[in-house]
Amino acid sequence: MTDTEITPAAPAQGAAPGLRLTLTDAVLGRLGAPVLHGLDLDVAAGEILTVVGPSGCGKSTLLRTLAGLLPLLDGRLSQDGEPVEGPAADRALIFQEDALLPWRTLRANVELPLAIRGVARAQRRARADDWVARVGLTAHATRLPHQVSGGQRQRAQLARALAGRPRAVLMDEPFGALDAQTRAGMQQLLVTVLTGTRATVVFVTHDVDEALFLGDRVALLGTGRVLDVPRPRVRAAHAEPATAALRREVLASLDGRTEGRPGVRRTA
Amino acid sequence: MNAPATTAGTAPRTGPRPAPWTRHVRRTAAVLAALALWQLLAQFRVHLWLRFSQFPTVTETAREFARRLGTGAYWQDVSESLTRIVGGFALAAVLGVAVGTALARSALAFDLLGPLLEVLRPIPAIALVPVAILLFPSNEQGIVFITFAAAFFPVTVSTRHAVRALTPVWEEAVRTMGAGRWRVLWSVVLPGALPGILGGLSVGVGVSWICVISAEMISGEYGVGYRTWQDYTVLDYPGVFVGMATIGLLGRLTSTGVELLGRRLTRWLPRTADGPGPPAGARVRWRRARAVPGGSS
């Protein structure tokens, strides 16, 4: 962790409040291939909701729908009560795969959402540099994505998403491809940088410990259950009696989920 | 970085690689050997089924070349041909990228233009000479049109494929930052497709050059192709060979120009420290060699 000198986040003054995202009786997926049926999900403003579920259960579909990239097949999606139509800058999406533009330096990638919004060059540069520093990438700001490690790329993605000051951050297994140690560092970093914002976070993962560590609540996709996670955050969830019980419950409910359960259609 | 690393890095692919100067010597020697063979065949008027009796020798050709370099007519021909190819090729690059992008991203554009272009594509540009003569008030515009037609299809097709092969998350990422259609086009589609587009430009400039020379031979009033054909009709064989050498050199110049521009624009592409395959100079030659037959087929 030599290059993880993380600047402490500024307190959440003046940051825009998080979005409340609501899915009502939603059918998600691509036309002709629905993945999730009858889904109800209410994400409170400013909370961190982690979503767990086995692979292929529609986690990525859920996030792409929340981002506005995939239209609903049925049902409603609203933010703060208003219907969502298409992607917008107030809902940032962070991908598991490498979504940095490979011809832009890390800093230029972080500047991108600001450039799209028309922020003046000097101001854009200053804000990008600030975010690059917060995720500990100042020494690599002028490098191209392929010149840095996978963990550094994900940090740049995080900085890029947050630089646009979104009111909701949707994260699709962002640390899924990282090794265990880098992943633990990234989780800590995420918690640190998020305290500087009031953004709502929906974080999809297949790692139950990650879900319990990061989430205020954990949604078990396909079962329709949402569990509250006790606070403060602890790293070794299984060592705390309260979280250990919760962890057992999450694992049991994921294991015990049978094929034809309402809310999920399994894809091959 | 240093010499041993280079050898070690590429050894599995090509075997031990000789020092750079050895390779330069080898290349120069190959060219000199070819010139020497030509000189001998022409000087001794060899006639072994293939007839070299009418061939000018290397020295005669070189003398004629040197003489023509001193005339204004030679430079006028060169500048005419270059103007035509730059005009036609630039037009093809701009329209080819625009049309290729539209075909890849708009169902409407594909339905309207796709079938039409597929029918026009197999027609060799040089077969459009009669059309060009009918269509344009002057030969000059007709030649530029043919040069354009030659490069347009390789650029369009490669652009279309490059745009369709783009990584979808790039576009998704930019759209979730609030980017509109034009912003996506400008910030993601064009830069992302550029390496593929450059392949089409490389092929296109080769075919363009073939077609500008052919069109000049048929209907030009000036230009290297026109001059070469004129020299042939008056049996000035050294002049014909000077023309051919000029065509070769200018073709090399234009395709190297495109190649260098391309490498400058795609410096972001991941490359191994020493780069795979042959050294930089050799790579240019190799790409051009591939470009010309690919385009004329």
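# Working chat on a predicted model

Biologist: What share of the contacts in chain A with a separation of 6 or more comes from residues 24 or more positions apart?

Modeller: 69% of them. Contact here means heavy atoms within 4.5 Å.

Biologist: What are the ground rules?

Modeller: Residues are numbered from 1 along each chain as its sequence is written, while chains are lettered from A and ligands numbered from 1 in the order in which they are written. The model is predicted, with local features needing pLDDT of at least 70, side-chain atom pairs counting only at pLDDT 80 or more, and totals for chains, interfaces and linings using all residues; side-chain values use heavy atoms, leaving out hydrogens and water.

Biologist: How many helices and strands in chain A?

Modeller: Chain A has 7 helices and 10 strands. These are DSSP runs numbered from the N terminus: H or I of at least four residues for helices, E of at least two for strands.

Biologist: And how much of chain A is buried?

Modeller: 53% of its 268 residues. Buried is under 20% relative accessible area, exposed over 50%, partly exposed in between (1.4 Å probe, protein chains only).

Biologist: What do the buried residues of α5(A) pack against?

Modeller: Among the elements are β3 (48–52), α3 (121–134) and β8 (200–205) of chain A. The buried residues of α5(A) include A:Arg183, A:Met186, A:Leu190 and A:Leu194.

Biologist: Switching to chain B. At what angle do α4 and α7 pack?

Modeller: About 35°, with the axes of α4 (residues 72–105) and α7 (residues 139–164) 6 Å apart. Axes are lines fitted to C-alpha atoms, for helices over the stretch in contact, and angles run from 0 to 180 degrees between N-to-C directions.

Biologist: Which residues does B:Phe152 touch there?

Modeller: B:Phe152 is in α7 of chain B. Apart from neighbours within four places in sequence, B:Phe152 is in contact with B:Ala92, B:Leu95, B:Gly96, B:Val99 and B:Leu117. The C-alpha atoms of B:Phe152 and B:Val99 are 9.4 Å apart, at 53 residues along the chain.

Biologist: Why does B:Phe152 count as buried?

Modeller: Because its relative accessibility is 9%.

Biologist: Which residues other than glycine have a positive phi?

Modeller: One of them is A:Asp80, at about 50°, in the loop between β4 (74–79) and β5 (82–83) of chain A. Another is B:Arg45, near 45°, in the loop between α2 (20–43) and β1 (47–48) of chain B.

Biologist: Is A:Asp80 buried or partly exposed?

Modeller: Partly exposed, because its relative accessibility is 40%.
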